[in-house]
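Here are my notes on the model below.

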Amino acid sequence: MNTLTATDNWPEIKAAAEAALPADVIAHIASIAGTDHPESHLIAILHMVQAHTGWLSQAQMEAVAQLAQIPLAKVTGVATFYHYFRLQPRGRHMINVCLGTACYVKGADKISQRLMDDLGIQFGETTKDGMFSLESTRCLGTCGLAPVVMVDETIHGPVTPGEVSVILEKYMKKDKVAAKV
Ligand code: FES
């Protein structure tokens, strides 16, 4: 028996871990069980988990660590190192600031700073009220409108730092109206 799983309460630990993950992730982890380097599959496993839930919770990372028998520190290390893994739920509105060359030379850094100041969060984070998540992205293909900010599926541009609060308010108002209906 694998010494890492030779524990009296392993069945309970395994059941709890399986409850935290979707069936296809559990099946994928089972398919790599016993391989020499399970950690080489870690990024793919975390992608699968995030594809289901939109982010990685602590419980999910612990479950991956248990089932794949990879140290939790390694799992959280990978999840925090790569910016495309989200460690918080997504907000109701996703804000993507384009940091591609055309947008950057037109002041995307100032737009980014204004968004971070107004929202009180950094890239990769979600506001406490769950309304906005902030991300950066590369060229959105609308360089003629630079600098560009995409909120959900809508492109805004060219955006000035002064217009940031106007754009945010528009989405806040929209949510308030929707909540009343
Ligand atoms: S660089 Fe921002 S849209 Fe192209």
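**Notes on the model**

1. L42 sits in helix α3, which covers residues 42-53. Helices here are DSSP runs of H or I with at least four residues, strands are E runs of at least two, and both are numbered from the N terminus. The model is predicted: local features need pLDDT of at least 70 and side-chain atom pairs pLDDT 80 or more, while totals for chains, interfaces and linings use all residues. Residues are numbered from 1 along each chain as its sequence is written, and side-chain values use heavy atoms, without hydrogens or water.

2. With a relative accessible area of 1%, L42 is buried (buried is under 20%, exposed over 50%, partly exposed in between, with a 1.4 Å probe and protein chains only). Apart from neighbours within four places in sequence, L42 is in contact with V64, I70, K74, V75 and V78 (contact: heavy atoms within 4.5 Å). Between L42 and E153 there are 31 Å in space, C-alpha to C-alpha, and the two are 111 residues apart in sequence.

3. Q60 belongs to helix α4, residues 58-68. Its relative accessibility is 8%, so Q60 counts as buried. The Q60 side chain reaches the backbone nitrogen of S57 at 2.9 Å. Not counting residues up to four places away in sequence, Q60 touches A20, L21, V49, T53 and W55.

4. Helix α1 (residues 10-19) packs on α4 at an angle of about 130°, the axes being 8 Å apart. Axes are lines fitted to C-alpha atoms, for helices over the stretch in contact, and angles run from 0 to 180 degrees between N-to-C directions. That angle makes α1 oblique to α4 (under 35 degrees is roughly parallel, over 145 roughly antiparallel, 65 to 115 roughly perpendicular, the rest oblique). From α1, the residues in the contact are W10, I13, K14, A17 and E18; from α4, they are A63, Q66 and L67. By class this contact has five nonpolar, one polar and two charged residues (Ala, Val, Leu, Ile, Met, Phe, Trp, Tyr, Cys and Pro are nonpolar, Asp, Glu, Lys and Arg charged, the others, Gly among them, polar).

5. Helices α7 (residues 108-119) and α8 (residues 164-180) pack at about 50°, with axes 10 Å apart. The pair is therefore oblique. On the α7 side I111, R114, L115, D118 and L119 meet V164, S165 and L168 of α8. The class count for α7 with α8 is five nonpolar, one polar and two charged residues.

Technical notes
Polar contact = N/O pair within 3.5 Å; in protein donor to acceptor, adjacent residues only side chain to side chain.
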